[in-house]
Amino acid sequence: SPKFFAVRMMHIIHSELIRLGREFAAAGELAREDDFFFLTIAEIHALAAREARDWRALIADRRRAYDRELRRRQIPRLLLSDGRAFYEGIAAVEGDSENRISGSPVSPGVAEGTVHVVLDPRRANLLPGEILVCPGTDPSWTPLFLSAGALVMETGGMMTHGSVVAREYGIPGVVGVHAATTRLKTGQRVRVDGSKGVVEVLE
């Protein structure tokens, strides 16, 4: 319930900011209706108070940084407060090879199937029994679990979204698999062992 109401409140805030952004864009003070999302709360107050700053340049700079981050091929598994980022899975072992990849076992069982690398759930055409290989998941990915034969994910642990849903749907899951979306290719045949945390490439 707390998460439901938090998300509901976020939607209300999002809708209101878009409405206000549309007004500011129509008045020529912003370039786009979603520009508010690139400002802090304090900066929105300063803009509303007509503080003289080059708001368009500030927003454009932040939008460029955001667009650059969207092009990342892999999400760090761990970010520390000093700026260090760790990408490799915590369960990776020295025995890893092209045909054997380790991760964290999060949903028991063994499944064989064809790899389908998915980077955007909106554009995925996952066929029944295919192995869903992705960077990470959130609730928007849940419909794909109805078709997936197993889950292989670059990020996550025992209690992250993909792990929990994989257990709920009864499909094997291995997460924390370093560079899974580049090491595994769509069309490959693999065996996913969600009990041992191992992905074996069969073809």
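**A walk through the model**

Mentor: Let's start with Met10, which lies in helix α1. Keep in mind that this is a predicted model.

Trainee: Is Met10 buried or exposed?

Mentor: Met10 counts as exposed, because its relative accessibility is 59% and the cut-off for exposed is over 50%.

Trainee: Which residues make the nonpolar surface patch?

Mentor: Met9, Met10, Ile12 and Ile13 make that patch, and it comes to about 410 Å².

Trainee: Switching to rings: how many aromatic pairs are there?

Mentor: The count is four aromatic pairs. One of them is Phe4 with Phe5, an edge-to-face pair with 5.1 Å centre to centre and 80° between the planes.

Trainee: And how exposed are those two?

Mentor: Phe4 counts as exposed at 52% relative accessibility, while Phe5 is partly exposed, with a relative accessible area of 48%.

Trainee: What about Phe24 and Phe36, and why is that pair called edge-to-face?

Mentor: Their ring centres are 5.3 Å apart and the planes sit at 70°, so the pair is edge-to-face; the cut-off is over 60 degrees. This pair links distant parts of the chain, with Phe24 in helix α1 (residues 2–26) and Phe36 in the loop between α1 and α2 (41–48), twelve residues apart.

Trainee: Are Phe24 and Phe36 buried or exposed?

Mentor: Both Phe24 and Phe36 are buried.

Trainee: OK, on to α2. Which residues are buried there?

Mentor: Glu43, Ile44, Ala46 and Leu47 are buried in α2. They span an arc of only 160° around the axis, so they are on the same side of α2.

Trainee: Which residues are exposed on the other side of α2?

Mentor: Ile41, Ala42 and His45 are exposed on that other side.

Trainee: What covers the buried residues of α2?

Mentor: The cover includes α1 and α3 (55–70). Also, α2 is followed by Arg50, which has a positive phi, near 65°.

Trainee: Last topic: where is Cys134?

Mentor: Cys134 is in strand β6 (residues 131–134). Cys134 counts as buried, because its relative accessibility is 0%.

Trainee: Which residues does Cys134 touch?

Mentor: Leaving out residues up to four places away in sequence, Cys134 touches Val118, Trp141, Leu151, Val152, Met153, Glu154 and Thr181. The C-alpha atoms of Cys134 and Ala180 are separated by 7.3 Å, with the two residues 46 residues apart along the chain.

Notes. Residues are numbered from 1 along each chain as its sequence is written. This is a predicted model: local features need pLDDT of at least 70, side-chain atom pairs count only at pLDDT 80 or more; totals for chains, interfaces and linings use all residues. Side-chain values use heavy atoms; hydrogens and water are left out. Rings of Phe, Tyr and Trp (its six-membered ring) pair if their centres lie within 6.5 Å; planes under 30 degrees apart count as stacked, over 60 as edge-to-face and the rest as tilted. Buried means under 20% relative accessible area, exposed over 50%, partly exposed in between (1.4 Å probe, protein chains only). Helices (H or I, at least four residues) and strands (E, at least two) are DSSP runs, numbered from the N terminus. Patches are made of residues with over 30% relative accessible area and no salt bridge: like charges are joined within 9 Å, nonpolar side chains (Val, Leu, Ile, Met, Phe, Trp, Tyr) within 5 Å. Accessible areas come from the Shrake-Rupley method with a 1.4 Å probe; for residues, only the protein chains shown count as cover. A salt bridge is a side-chain nitrogen of Lys or Arg within 4 Å of a carboxyl oxygen of Asp or Glu. The arc is that of the directions from the helix axis to the C-beta atoms. Contact means heavy atoms within 4.5 Å.
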